[in-house]
Amino acid sequence: MIDLKPPPYALDALEPHMSKETLEYHWGKHHRGYVNNLNKQIEGTELHEKSLESIILASYNKGDILPAFNNAAQVWNHEFFWESMKPGGGGKPSGELLELIIRDFGSFEALIQEFKLGAATHFGSGWTWLVYDIEHKKLAVLKTSNAINPLVLDYYPLLTLDVWEHAYYLDFKNLRPDYIATFLDKLVSWDAASSRLDAAKVSIEGKKDGGN
C-alpha cells in the first residue's frame, strides 16, 4: 500500500508565489487521487507490497505500459515536485552542481533559458526536468509527457516542474511562462538538486562496483 506523502512544508509556506489554495487542490485532491487510485489498482496483486519505484518500473514494462503505471508515476512525480521547491527558494546553486551547469550549458543563465523554453513549449500535460544523463555523463533538460518520468528512461532526476494545467491555473490562469519564471526565481530548491546529484553519484559508483 502506498501512503500519501505530504509536502515538506506547510500548505501556505510557498505564498505568495504559490497559494495555499493551489496546494489544497493540487496536493490534497489531485495527488491524493493518484494515491487512492493506485492503491485500488494494486490491491490483491503482486505489486501491493512493492515500493513505489518498483511499481513504476514493473508497470512501465519496458514501454508496454500496464494499468498501474500512470497513477504510480504521478504519485512519485508529485512527491519529487514538492521536494523540488522550498520557502524562500530561487537564487543560484553553488558547488559542484553549479560547476556542472556551467560545463554542460555554458552558464547558469543558459540553463535557465533552456529550462524555461522546454517548459513553455511542452505541448499538453507533462513535466520538465533537470536530469543527469547517465549515458552521456552530463546534465540535460528533459521533457516528458503525461506521467512518464526519468526513472524509466535511464536518467537521474535532479529537479522537476509540473506543467499540467492543474499545477498553475488557480494562481496564473493560462500564463504558463509566468508560472515557470516564478518557480525558477522564487521557489526552486537548488539544495534539493545538489543533494540529489550527490545521491546520483553514489548510486552510479555503486553500480560500477557491483559490475566489477
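Student: Which helix gives the most to the lining of the largest cavity?

Tutor: The model is predicted, so local features need pLDDT of at least 70 and side-chain atom pairs 80 or more, whereas totals for chains, interfaces and linings use all residues. Residues are numbered from 1 along each chain, and side-chain values use heavy atoms, without hydrogens and water. A cavity is a set of points on a 1 Å grid over the protein atoms alone where a 1.4 Å probe fits but cannot get out, and its lining residues have an atom within 4 Å of a point. With 3 residues, the element that gives the most to this lining, spanning residues 108–121, is helix 5.

Student: What is the volume of the largest cavity?

Tutor: The count comes to 1 cavity of 30 Å³ or more. A volume is the space filled by probe spheres set on the grid points, which are joined across faces, edges and corners, and for the largest cavity this comes to about 40 Å³.

Student: How many nonpolar residues does the lining of the largest cavity have?

Tutor: The residues that line the largest cavity are Leu111, Ile112, Phe115, Leu130, Leu159, Leu184 and Trp190. Leu, Ile, Phe and Trp are among the residues that count as nonpolar. The lining has no polar and no charged residues, and its number of nonpolar residues is 7.

Student: In what order do the elements of the chain run from the N terminus on?

Tutor: Helices (H or I, at least four residues) and strands (E, at least two) are DSSP runs, numbered from the N terminus. The chain has 8 helices and 3 strands, and their order is α-α-α-α-α-β-β-β-α-α-α.

Student: Is Asp104 buried or exposed?

Tutor: Asp104 sits in helix 4, which covers residues 95–105. Not counting residues up to four places away in sequence, Asp104 touches Lys138 and Leu139. Because its relative accessible area is 18%, Asp104 is buried.

Student: What share of the 212 residues in the chain do buried residues make up?

Tutor: Along its principal axes the C-alpha trace of the chain spans about 50 × 50 × 30 Å. Within the chain of 212 residues, the buried share is 48%.

Definitions and conventions:
On a 1 Å grid over the protein atoms alone, a cavity is a set of points where a 1.4 Å probe fits but cannot get out, and a pocket is an open set with protein on both sides within 12 Å along at least five of seven lines; lining residues have an atom within 4 Å of a point. Buried means under 20% relative accessible area, exposed over 50%, partly exposed in between (1.4 Å probe, protein chains only). Contact means heavy atoms within 4.5 Å.
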